[in-house]
Amino acid sequence: MTHENRNRIIFDDLETTANDTFKVMPGFKCAGKRVTVGDRTGMLVLNTRTGYYWLERDGALSALDQRKVKAALGISNNAGAPTKMEDGRRRNVYIDDTSWERAQALGAGNASEGIRIALELAANAS
């Protein structure tokens with residue numbers, strides 16, 4: 001695969017087969033598309049709380065470039081503007097590099113979103 005196309009997102013309409021069954025995960029719903037990014041292929045799923053799209057494969061989630069996904073789906077993406085929250089405001093956090101990288105991965109490149117997701121998962125686990 002060429003360097004230019006390794007992160008290209010390709011969508012196919014989903015034809016439900018025994019191999020393409022969505023693993024039901026709380027807070028996610030199937031978006032009805034099969035997605036291929038480089039050599040990874042899986043289901044396009046939507047986090048119903050955050051509105052972020054993910055690649056789901058065998059129960060594992062992989063982050064997707066939200067701008068590319070929304071452009072491919074024909075959804076306006078506000079040119080990378082942060083999500084507006086009713087009581088949101090800028091805050092500083094003291095965090096190690098490993099945790100920051102995990103937060104970015106969990107939040108599809110947005111560490112703040114990753115921290116919010118981790119906090120919600122921790123609250124739901126208790």
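Guide: The axes in what follows are lines fitted to C-alpha atoms, for helices over the stretch in contact, and the angles run from 0 to 180 degrees between N-to-C directions. Two packed helices are described by the angle between their axes and the distance between the axes. In this predicted model, helix H2, which covers residues 97-106, packs with helix H3, residues 111-125, at an angle of about 90°, and their axes are 6 Å apart. Since angles from 65 to 115 degrees count as roughly perpendicular, H2 and H3 are therefore roughly perpendicular to each other. On the H2 side the contact is made by Trp100, Ala103, Gln104 and Leu106, while H3 brings Ala111, Gly114, Ile115, Ile117 and Ala118.

At its start, a side-chain oxygen of aspartate 96 comes to within 3.2 Å of the backbone nitrogen of threonine 98, and after the helix comes alanine 108, whose phi is positive, near 55°. Confidence in the protein is highest in H2, at a mean of 92, and lowest in strand S1 (residues 9-13), at 77.

Because arginine 49 sits in the loop between strands S3 (40-47) and S4 (53-57) and glutamate 113 in H3, the pair ties together parts that are 64 residues apart in sequence.

How values were computed. Residues are numbered from 1 along each chain as its sequence is written. This is a predicted model: local features need pLDDT of at least 70, side-chain atom pairs count only at pLDDT 80 or more; totals for chains, interfaces and linings use all residues. Side-chain values use heavy atoms; hydrogens and water are left out. Helices (H or I, at least four residues) and strands (E, at least two) are DSSP runs, numbered from the N terminus. Angles under 35 degrees count as roughly parallel, over 145 as roughly antiparallel, 65 to 115 as roughly perpendicular and the rest as oblique. Contact means heavy atoms within 4.5 Å. A polar contact is a pair of N or O atoms within 3.5 Å; within protein, one must be able to donate a hydrogen and the other to accept it, and residues adjacent in sequence count only if both atoms are side-chain atoms. pLDDT is the predictor's confidence in each residue, from 0 to 100.
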